[in-house]
Amino acid sequence: MGQIPTGSGGTGRDRPGTNPRSGRQETEEERADRQWGDLLQELRVAQTGVQILFGFLLAVVFQPRFADLSTVDRNIYVVTVMLGSATAAALIGPVSYHRLLTGRRMKPQTVTWASRLTKLGLVLLFCTMCSTLLLILRVALHNVAALWLVGGMALWFLVCWFVFPLWAIARDPGRRPADGGGARDGDGEDRDGEGSEPRP
């Protein structure tokens with residue numbers, strides 16, 4: 001018979017679930033800790049890029065040539081700065097979310113919402129990169145070639161950031177996201193290793 005560890009309150013919340021693919025055995029809290037550590041590493045990479053890009057954008061307005069920009073280019077610049085600000089907010093948001101909820105035993109929920117904010121931040125970062133490229137190439141080339149170059153680079157970003165991961169998921173439809181919604185095996189365990197209460 002399966003045993004529920006002491007302190008779980010009989011709910012199965014702290015019962016370890018075994019992933020049949022990796023053999024990993026962990027409770028919901030342990031899994032949340034691991035996922036939070038992974039997410040922090042991802043955020044460090046994204047935040048570094050955003051900080052460099054945003055710093056560049058803030059410096060542009062103080063350059064002598066900024067006064068020579070056309071109205072269209074200035075509008076693009078304003079949109080780009082707003083997108084950069086929104087990107088920074090989304091990618092820094094998980095840190096604030098975690099800090100405000102620390103000690104409230106809400107780590108799994110924190111990881112879920114932090115993951116969603118990170119995905120939103122990546123989409124906003126994509127838009128910021130494209131807008132920045134458009135501004136730079138319009139100033140550098142002064143012709144329609146800028147649009148074609150930005151379009152090609154946007155397509156490359158989409159492939160690297162979104163198409164490849166989605167393609168990997170499509171090739172292995174048996175796996176499910178670790179933040180919920182996983183398909184269950186016959187013993188009541190999620191196939192991705194999510195521990196859950198056994199079926200009645």
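Guide: The conversation below goes from the overall fold to single residues.

Guide: This is a predicted model, in which local features need pLDDT of at least 70 and side-chain atom pairs count only at pLDDT 80 or more, while totals for chains, interfaces and linings use all residues. Residues are numbered from 1 along each chain as its sequence is written, and side-chain values use heavy atoms, with hydrogens and water left out.

Visitor: How many helices and strands does the protein have?

Guide: There are four helices and two strands. Along the sequence they follow the pattern β-β-α-α-α-α. Helices (H or I, at least four residues) and strands (E, at least two) are DSSP runs, numbered from the N terminus.

Visitor: How much of the protein is buried?

Guide: Of its 200 residues, 34% count as buried. Buried means under 20% relative accessible area, exposed means over 50%, and partly exposed lies in between (1.4 Å probe, protein chains only). The protein exposes about 12,700 Å², of which carbon and sulfur atoms supply 64%. Accessible areas come from the Shrake-Rupley method with a 1.4 Å probe, and for residues only the protein chains shown count as cover.

Visitor: And what share of the contacts joins residues at least 24 apart?

Guide: Among contacts between residues at least 6 apart in sequence, the share is 61%. Contact means heavy atoms within 4.5 Å.

Visitor: Let us turn to helix 3. What span should its 35 residues have?

Guide: At 1.5 Å a residue, helix 3 should span 51 Å, and its end C-alpha atoms are 50 Å apart, which agrees. The expected span is 1.5 Å times one less than the number of residues.

Visitor: Which residues does Leu-135 touch?

Guide: Leu-135 is also found in helix 3, and it is buried, with a relative accessible area of 6%. Neighbours within four places aside, Leu-135 is in contact with Asp-73, Ile-76 and Tyr-77. Leu-135 and Asn-75 are 60 residues apart in sequence, yet their C-alpha atoms are 9.5 Å apart in space.

Visitor: You mentioned Asp-73. What does Asp-73 form with Arg-138?

Guide: The two form a salt bridge, with their closest N and O atoms 2.5 Å apart. Asp-73 lies in helix 2 (residues 71-101) and Arg-138 in helix 3, so the pair ties together parts that are 65 residues apart in sequence. A salt bridge is a side-chain nitrogen of Lys or Arg within 4 Å of a carboxyl oxygen of Asp or Glu. The structure holds one salt bridge. Asp-73 is buried, with a relative accessible area of 8%, whereas Arg-138 is partly exposed at 29%.

Visitor: What happens just after helix 3?

Guide: His-142 takes a positive phi of about 60° there. Most residues other than glycine have a negative phi. His-142 is found in the loop between helix 3 (107-141) and helix 4 (145-171), and it counts as exposed because its relative accessibility is 63%.

Visitor: New topic: how many aromatic pairs are there?

Guide: A search of the whole structure finds three. In one of them, the rings of Phe-157 and Trp-161 have their centres 5.1 Å apart and their planes at 55°, so the pair is tilted. Rings of Phe, Tyr and Trp (its six-membered ring) pair if their centres lie within 6.5 Å; planes under 30 degrees apart count as stacked, over 60 as edge-to-face and the rest as tilted.

Visitor: Where do Phe-157 and Trp-161 lie?

Guide: Both are in helix 4, and because they are four residues apart, about one helical turn separates them. Phe-157 is buried at 14% relative accessible area, while Trp-161 is partly exposed at 29%. Trp-161 also forms an edge-to-face pair with Phe-162, 6.4 Å centre to centre with 70° between the planes. Phe-157, Trp-161 and Phe-162 form one aromatic cluster.

Visitor: Finally, which residues form the nonpolar patch on the surface?

Guide: They are Leu-155, Leu-158, Val-163, Phe-164 and Trp-167, with about 500 Å² of accessible area together. Patches are made of residues with over 30% relative accessible area and no salt bridge: like charges are joined within 9 Å, and nonpolar side chains (Val, Leu, Ile, Met, Phe, Trp, Tyr) within 5 Å. Phe-164 lies in helix 4 and counts as partly exposed, at 45% relative accessibility.
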